[in-house]
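Open the model in your viewer and keep the selection tool at hand. This tour goes stop by stop, saying what to pick and what to look for.

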Amino acid sequence: MPKIVDADDRRELVANAVYEVIAEHGLTQASLRNVAKEAGLALGSVRHYFDNQAELMEFAFRVNSERIHLRALESLEALEQDPLPEDRSGLLDKCGAVLEELLPLDIARRADAVVHMEFMLDARTNTGLQEAAQDDYRATGAVVGRVLLQLMESPLAAESLVPVDEAERLIGLLDGLSLRLVLQPAWAAPEQGRATLRRHLESLLAPA
């Protein structure tokens with residue numbers, strides 16, 4: 001009896017192989033042949049699930065983006081469902097925990113961030129990735145916006161906050177921290193990233 005292969009599982013296996021190749025050698029080396037080799041599959045097997053390189057790259061980019069944002073959304077659901085902490089430290093901990101999921105603060109998140117940066121940079125000139133890049137930006141904006149709305153509902157929040165402006169500032173901070181943590185790990189430790197994020201969130205609260 002022939003072995004039944006789950007198409008979704010096989011496509012995710014190939015996507016994981018894309019990540020491994022990109023993390024080790026860069027996006028330019030993520031050819032169908034190299035990805036097939038990394039996945040332990042015949043080249044024809046990869047082509048069975050992806051018609052071409054462009055389709056594979058877009059799929060892998062979207063899976064990468066989804067993984068990053070799903071981690072944040074799981075923490076966000078807890079923030080939105082539980083009563084908001086009434087103390088400053090508790091509120092900062094809760095909001096920070098969601099946003100930290102978007103930062104490369106451990107091995108797994110760093111690997112995702114490396115791949116994500118490669119895709120985002122390529123999307124600048126690669127029209128096949130630009131729609132996925134815009135969807136990724138919107139997903140980040142949605143997470144950041146929902147965190148800010150929770151924080152601003154607290155009586156501890158400063159009164160003069162403008163949600164759109166604060167969302168842009170916070171996204172810029174997260175992007176900068178991610179870049180620094182990935183490219184300059186000797187100078188930017190995870191503890192520093194957490195502390196910088198917390199100081200920013202604390203600046204959104206009324207003076208103690």
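Leaving aside its neighbours within four places in sequence, which residues is Arg62 in contact with? Select Arg62 and look around it: the contacts are Glu131, Ala132 and Asp135. Bear in mind that this is a predicted model.

**Stop 1: Arg62**

Find helix 4, which spans residues 53-81; Arg62 sits there. The side chains of Arg62 and Asp135 make a polar contact at 2.8 Å. Next, switch to the C-alpha atoms of Arg62 and Asp135. They lie 8.6 Å apart in space, while 73 residues separate them in sequence. Is Arg62 buried, exposed or partly exposed? Its relative accessibility is 31%, so Arg62 counts as partly exposed, because the buried class ends under 20% and the exposed class begins over 50%.

**Stop 2: the aromatic rings**

Turn to the rings now. How many aromatic pairs are there? The count is 2. Select Phe50 and Phe59 to see one of them. Their ring centres are 5.3 Å apart and their planes meet at 50°, so this pair is tilted. The angle falls between the limits, because stacked needs under 30 degrees and edge-to-face over 60. Phe50 is buried, with a relative accessible area of 0%.

Then pick Phe61 and Phe119. This aromatic pair is stacked, with 4.9 Å from centre to centre and 15° between the planes. Which parts of the chain does the pair link? Phe61 belongs to helix 4, and Phe119 to helix 6, residues 107-123. The two are 58 residues apart, so colour the helices to see how the pair joins distant parts of the chain. Both Phe61 and Phe119 are buried.

Where does Arg11 lie? Look over the face of the Phe59 ring: Arg11 is there, 4.4 Å from the ring centre.

**Stop 3: Ser154**

For the last stop, select Ser154. Look in the loop that runs between helix 7 (127-153) and helix 8 (163-183). Is Ser154 buried or exposed? With 5% relative accessibility, Ser154 counts as buried. Show its side chain next. The side chain reaches the backbone nitrogen of Leu156, at 3.0 Å.

Note on methods. Residues numbered from 1 in each chain as written. Predicted model: local features only at pLDDT ≥ 70, side-chain atom pairs only at ≥ 80, totals over all residues. Heavy atoms only, no water. Helix = DSSP H or I, 4+ residues; strand = E, 2+ residues; numbered from the N terminus. Buried < 20%, exposed > 50% of the residue type's maximum accessible area, 1.4 Å probe, protein only. Polar contact = N/O pair within 3.5 Å; in protein donor to acceptor, adjacent residues only side chain to side chain. Contact = heavy atoms within 4.5 Å. Phe/Tyr/Trp six-rings, centres within 6.5 Å; stacked < 30°, edge-to-face > 60°. Lys NZ or Arg CZ within 6 Å of the ring centre and 35° of its normal.
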